[in-house]
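Morning, everyone. Let me put the model up, and then I'll walk you through the parts I liked.

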Amino acid sequence: MPNEEGIPPGTYLESCNGCGLAPDVDGTGKMLQCSQCPKPCGAVVRSNVVRVDECEAFGNNAGKLVCDTPSSEEDLPGGSYLGSCGGCRLTDGADGNTVLSCSACKNTKGGTDESNFTILSEGACKVIGNDDGKLVCEDKIEEEAEFEEEHATESSSTAPPDGSGDEL
C-alpha cells in the first residue's frame, strides 16, 4: 500500500507503508498513522497515531511511530552530541563566530529541543555534548574531572602533618 504525498520525513518511510495524514479530534492539527509497520519479530502492525507537530521527523520503533532525529550536515565539529542531536548545521554568527545549530537534541523527557552553541575560537572547545537538550562544551567537565582525580590521588598519598599516618 503506497504512502500519501505530503507526509512528514523520517526513517519510518524506509519500513512503513500506507502512511497518511488525518485531522486531529479538535481540527487544529494533523495526525500521522501508517497501516503497515514491521516489528523486529517480522509481524506487521498498524502504527500508533501521532501528532505531526510533535516531531520534525519520525521513525519506526517496533511498529510504533516515534520522534526521529533529522539528518545533519557533514563536516560538523566532533562530540557526543552527534549521537543524540539532529538537524545540525554550522552558520556564521553576527559577531563573526561560528554557531552550531541543532534543530532536535534529545532531552530527558523523551522529546527534543532546539539548541545553539557558539564556537568562540578554533580548539576552544574540543568536545561538544548534549546535556538534556542543550549543546554544551564537555571539555570543561572532563578537565574538572581530571583535576579532581589528580588532586584526590595527591591528597590520598600525602601523610598527615602530625605523622599519625605512619602506622606499621
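A word on naming: helices (H or I, at least four residues) and strands (E, at least two) are DSSP runs, numbered from the N terminus. Now, this is a predicted model, so to speak of local features we ask for pLDDT of at least 70, and side-chain atom pairs count only at pLDDT 80 or more, while totals for chains, interfaces and linings use all residues. Residues are numbered from 1 along each chain as its sequence is written, and side-chain values use heavy atoms, with hydrogens and water left out.

Okay, the overall layout. The chain has one helix and eleven strands, and from the N terminus the order is β-β-β-β-β-β-β-β-β-β-β-α. Of the 168 residues, 31% count as buried; buried is under 20% relative accessible area, exposed is over 50%, and partly exposed is in between, with a 1.4 Å probe and protein chains only. If you take contacts (heavy atoms within 4.5 Å) with a separation of 6 or more, residues 24 or more positions apart account for 25% of them.

Let's go to the sheet. β7, β8 and β9 form an open, antiparallel sheet in that order. Its edge strands are β7 (85-92) and β9 (112-119), each pairing on one side only. From one strand to the next, the twist averages 15 degrees; for that, axes are lines fitted to C-alpha atoms, for helices over the stretch in contact, and angles run from 0 to 180 degrees between N-to-C directions. By pairing I mean that DSSP finds at least two bridges between two strands.

Seven bridges join β7 to β8, and Cys88 stands opposite Cys102 in β8. Those two strands make a hairpin with five residues between them, and Gly96 in the turn has a positive phi of about 95 degrees.

β10 (residues 128-131) and β11 (residues 134-137) pair in the antiparallel sense over four bridges, and Gly129 has Val136 in β11 as its bridge partner. Two residues sit between the strands, and Asp132 in the turn has a positive phi of about 55 degrees.

Where is Glu138? It's in the loop between β11 and α1 (139-156). Glu138 is buried yet has no salt bridge, and the nearest side chain of opposite charge, Lys126, is 13 Å away. For the charges, Lys and Arg count as positive and Asp and Glu as negative, with His and the chain ends not counted; a salt bridge is a side-chain nitrogen of Lys or Arg within 4 Å of a carboxyl oxygen of Asp or Glu.

What Glu138 does have is a side-chain polar contact with the side chain of Ser80, at 2.9 Å. A polar contact is a pair of N or O atoms within 3.5 Å; within protein, one must be able to donate a hydrogen and the other to accept it, and residues adjacent in sequence count only if both atoms are side-chain atoms. Beyond its neighbours within four places in sequence, Glu138 is in contact with residues including Cys125, Ile128 and Asn130.

Asp24 forms one with Arg51, with the closest N and O atoms 2.4 Å apart. That pair links distant parts of the chain, 27 residues apart: Asp24 is in the loop between β1 (17-23) and β2 (30-38), and Arg51 is in strand β4 (residues 50-51). Arg51 also meets Asp53 in a salt bridge, at 3.2 Å, N to O, and Asp24, Arg51 and Asp53 are linked in a network.

Arg51 is partly exposed, at 24%.

That's my tour, thanks.
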